[in-house]
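Please look over the sequence and the structure shown below. The paragraphs that follow go from the whole chain to one pair of elements and then to two single residues.

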Amino acid sequence: MATKVSGGKDGQKKPTSVATNLIAGGGAGMMEALVCHPLDTIKVRMQLSKRGRVPGQAKRGFIRTGVEIVQKETALGLYKGLGAVLTGIVPKMAIRFTSFEWYKQLLANKETGVVSGQALFLAGLSAGVTEAVAVVTPMEVIKIRLQAQHHSMADPLDVPKYRNAAHALYTVVKEEGFGALYRGVSLTALRQGSNQAVNFTAYTYFKEWLYQWQPEHLGGNLPSYQTTLIGLVSGAMGPLSNAPIDTIKTRLQKMKAEPGTSALQRITKIAGEMFKQEGFHAFYKGITPRIMRVAPGQAVTFTVYEYLKEKLEKSGPSIITGGRYEE
């Protein structure tokens, strides 16, 4: 099944310019990070937690985990690792939207310009892998190292190993080498690729259905509440499909490399130990805060992106334009 996104006088639409994607994507990512980062910290703590292995130790839910972080580390503890995220979020989102548009045009039917459902899925998959390799993996390694620290943000004498994102980057490279920044790159690429494949495909189809239902909006943006709603639903689909990958990735990226062991051996060891010691449910630790973080995050991202893109395109001609296409 192919989709056709309407826009312009003849039902076709020029690809969004690179400059527009940089600004709109970066702005959307910045807003998403500021709103949703506390839930990401809770998710990481839950994924790293090994409670439940020892008899008598009750498992912690996401509310209890969040409350304990605030009690022991202050509310600022929920924003640990935010510096790493904000540093990488602008290039991440710019790469995501720009590469998605590029892959989509590459995969479009050369004669009709129509982008099929399979092509949409592959374009989203490729965009996710691209952002994972270019930005997300190093950003995640630094973010997770910061989020895993349990020091109090209110006690100046409680000095953590990693003081901030820049210090964490310097320390990791100094102690473990540059390659440590790409620990878990295969799992990160798999997670990001599957996330964006599902996310972009679902969002595009939902948007097309809404345009068909409301033809008065053809050639313009949907109402913001509708963009938010379909972003929320499409955003929830990715985490449900790849939760085990994300949990194993988080544990791998917190660890230091073990001499003489390959990445595959470490991944297999982590997965095996999780299953034996914590059970199958351990692969889904943090799924609740992850969905609560990713789904609203995608809702915010798509809503802000569409809003900024419309404003930028109305403000003047695109700085960098491409050929005409249909989705």
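How many helices and strands does the protein chain have? There are nine helices and two strands in the protein chain, and the model that shows them is a predicted one. Followed along the sequence, these elements come in the pattern β-α-α-α-β-α-α-α-α-α-α.

The next step is the chain as a whole. Of its 327 residues, 52% are buried. The accessible surface of the protein chain amounts to about 15,100 Å², and carbon and sulfur atoms account for 65% of that surface. Contacts can also be sorted by how far apart the two residues lie in the sequence. Counting contacts between residues at least 6 apart in sequence, 82% join residues at least 24 apart.

Helix 6 covers residues 185–213 and helix 7 covers residues 224–254. The axes of helix 6 and helix 7 come within 8 Å and cross at roughly 170°. Angles over 145 degrees count as roughly antiparallel, so helix 6 and helix 7 are roughly antiparallel to each other. The residues of the contact between helix 6 and helix 7 comprise 14 nonpolar, 12 polar and four charged ones.

Helix 6 can also be considered by itself. At 1.5 Å a residue, its 29 residues should span 42 Å. Is helix 6 largely enclosed by the rest of the structure, or largely open? Because 21 of its 29 residues are buried, helix 6 is largely enclosed by the rest of the structure.

Lys 207 is a residue of helix 6. Its relative accessible area is 11%, and buried means under 20%, so Lys 207 is buried. Which residues does Lys 207 touch, leaving aside those up to four places away in sequence? Lys 207 touches Leu 222, Ile 230 and Glu 306.

Thr 74 is found between helix 2 (62–73) and helix 3 (82–107). With a relative accessibility of 24%, Thr 74 counts as partly exposed. Most residues other than glycine have a negative phi. Thr 74 is not a glycine, yet it has a positive phi of about 70°.

Technical notes: Residues are numbered from 1 along each chain as its sequence is written. This is a predicted model: local features need pLDDT of at least 70, side-chain atom pairs count only at pLDDT 80 or more; totals for chains, interfaces and linings use all residues. Side-chain values use heavy atoms; hydrogens and water are left out. Axes are lines fitted to C-alpha atoms, for helices over the stretch in contact, and angles run from 0 to 180 degrees between N-to-C directions. Helices (H or I, at least four residues) and strands (E, at least two) are DSSP runs, numbered from the N terminus. Angles under 35 degrees count as roughly parallel, over 145 as roughly antiparallel, 65 to 115 as roughly perpendicular and the rest as oblique. Ala, Val, Leu, Ile, Met, Phe, Trp, Tyr, Cys and Pro count as nonpolar, Asp, Glu, Lys and Arg as charged, and the others, Gly among them, as polar. The expected span of a helix is 1.5 Å times one less than its number of residues. Buried means under 20% relative accessible area, exposed over 50%, partly exposed in between (1.4 Å probe, protein chains only). Contact means heavy atoms within 4.5 Å. Accessible areas come from the Shrake-Rupley method with a 1.4 Å probe; for residues, only the protein chains shown count as cover.
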